[in-house]
Amino acid sequence: MVTKADVLNWLKHYANVIDEQKEYLTQLDAAIGDADHGINMQRGFEAVMAQLPTVEDKDIGTILKKVGMVLVSTVGGAGGPLYGTLFMRMGMAVGNKEALSPEDVVKMFQAALEGVKQRGKAEPGDKTMVDALTPAVEALRKAVEAGEDLHTAMEKATAAAEEGVKATIPLVARRGRASYLGERSAGHQDPGATSSYLLFKSATEVWNHADA
Amino acid sequence: MKKLINKPEDVVKEELEGIALAHPDLVKVHISPHYIVRADAPVKGKVALVSGGGSGHEPLHGGYVGMGMLDAACPGEVFTSPTPDQIYEATKAVSGGAGVLHIVKNYSGDVMNFEMAAEMAQSEGIEVATVITNDDVAVEDSLYTQGRRGVGVTVFVEKIAGAAAEAGLPLAKVAEIAKRVNENGRSMGMALTSCTVPVAGKPTFDIGDDEMEIGIGIHGEPGRTRMKIKPADEIVDMMAEAILEDLPFKSGDRVIAMVNGMGGTPLIELYIVYRRLAQICEAKGIKIERNLIGNYITSLEMAGTSITLLRVDDELLKFWDAPVKTAALRWGV
């Protein structure tokens, strides 16, 4: 089971990872966007960390929805609505639970992916977050359905997300600001896909205890 | 960077404080989160108009809040879209029970943030319709990209839909008129110099002393082509041709013409631009019914201009002429 403490640890770990990687994410964005993805995500998760104590004693759904609301009001640009939607849909999917089964985790990430696709009107191959999230969610679902333990399933999801990120490099962007560059966007790794991959990677690193 | 500011991070907040002090008869300014509403909001029984976007385009949108135009404007940071909580709070503050129209320029961030705010307001029982402006002919339209940028026609949408709302028309009708304005408007911009976002501290792009960028956006985004500067008449010829053939505008059409300054171009030059534009329209048999010349949708201190033509009929013209009382547009009152 993924406990509420696991979820909180994941959020804190992801906030640290974003802080460490903000220059890298911003550099990726500078090549094909407006050079603010890392800065915006860092500002958003700093605000999340400040607000987290106000909901730590609530259920997992409330915590995740709160994260989404904070991101929506602090990140700005396109990342705010996309990551805000991702966390809000995860919160709605898990509801008032205090712990999550592997099946709950699959449903949670599926809801996140659907939310992002809907909000950004993006499909796989458009060179967006969806290109990391889609293979990750699919790998997670398959592994859980095959009866693998959650940590192993998350490792597979993370590996699939990483492959998805690499696969964005040759793509020509069809959504978001990079799409204005047309062919010139090819040859660059997508920053949104990268921060989405880090979301799976950080969860996998934290959800590593025996029963997870 | 040389700017008349205190601290780069305080630019938007201090501008809003200035607006509040300058126009207490017209607007109320809310600081946390940032939004501007007309002084008598909410107007009961009237469709409310809410727009917003990054700051740096003044007087768009805050300068257009008031009787006959916007009920609320949501300024984001410079060139950064406002956030859903801002738009949601502004929507609630102006909702007078007849629904709210969101007017959104077509940038992915703006579209998504307004969409989320609309969902939040709708979940509380406020009816929200949205019109997206996308009139910039410089960016080629494509099924696979974000599509054209929203620029000058946004001013026309806000004025004309604002008058329609003031006249008591219902939300569906006000939204239909707003869409009609967008569909009949086309714009093109050009820049002589770059602009500097205060927190960035350096110019958004480099451009030579003898160069110009044709088809510039309102955030310094690249346009169609970079070339050596030419006489004003030749520049206007290029811009007008792109606009006229796009709709296309035809002989016998009636239009409202806007020659807009990007922020760093003096009025003397804008009239030289208008002179040529009027000559072209006359030669093509297009009648300019009304005109607007000045700084209406800017890009900080960028030097340059944009031209917007809006094809009108009697109804749109009637709403254009209707009284308006805002900080930046005022007539008939």
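Visitor: Which residues in helix 4 of chain A meet helix 3 of chain B?
Guide: From helix 4 of chain A come G80(A), P81(A) and L82(A), and in helix 3 of chain B they meet M112(B), N113(B) and M116(B). By class, this contact of helix 4 of chain A with helix 3 of chain B has four nonpolar, two polar and no charged residues, where Ala, Val, Leu, Ile, Met, Phe, Trp, Tyr, Cys and Pro count as nonpolar, Asp, Glu, Lys and Arg as charged, and the others, Gly among them, as polar. Two residues are in contact if their C-beta atoms, placed from the backbone, lie within 7 Å. Helices (H or I, at least four residues) and strands (E, at least two) are DSSP runs, numbered from the N terminus.

Visitor: What kind of model is this, and how are residues and chains labelled?
Guide: This is a predicted model, in which local features need pLDDT of at least 70 and side-chain atom pairs count only at pLDDT 80 or more, while totals for chains, interfaces and linings use all residues. Residues are numbered from 1 along each chain as its sequence is written, and chains are lettered from A and ligands numbered from 1 in the order in which they are written.

Visitor: Back to that helix pair: at what angle do helix 4 of chain A and helix 3 of chain B pack?
Guide: Their axes are 8 Å apart and the angle is about 45°, with helix 3 of chain B covering residues 108-122. That makes helix 4 of chain A oblique to helix 3 of chain B, given that angles under 35 degrees count as roughly parallel, over 145 as roughly antiparallel, 65 to 115 as roughly perpendicular and the rest as oblique. Axes are lines fitted to C-alpha atoms, for helices over the stretch in contact, and angles run from 0 to 180 degrees between N-to-C directions.

Visitor: How many residues does the whole contact take from chain A and from chain B?
Guide: Chain A gives 16 residues and chain B gives 17 residues. On the chain A side, the elements that give two or more residues are helix 3 (60-74), helix 4 (79-94) and helix 5 (102-120). Helix 4 of chain A gives the most to that side, with three residues, and the residues of the side of chain A that touches chain B divide into five nonpolar, seven polar and four charged.

Visitor: Now chain B: into which domains is it divided?
Guide: Domain 1 covers 8-183 + 320-331 and domain 2 covers 185-311, with bounds that come from an automatic or database domain assignment. Between these domains of chain B, 24 residues of domain 1 are in contact with 29 residues of domain 2. On the domain 1 side, the elements that give two or more residues are helix 4 (153-166) and helix 5 (171-183) of chain B, and the largest share, four residues, comes from helix 4 of chain B.

Visitor: How do the axes of helix 4 of chain B and helix 8 of chain B cross?
Guide: They come within 8 Å and cross at roughly 85°, with helix 8 of chain B covering residues 314-321. That makes helix 4 of chain B roughly perpendicular to helix 8 of chain B. The contact is made by K159(B), I160(B), A163(B) and A164(B) of helix 4 of chain B and by L316(B), F319(B) and W320(B) of helix 8 of chain B.
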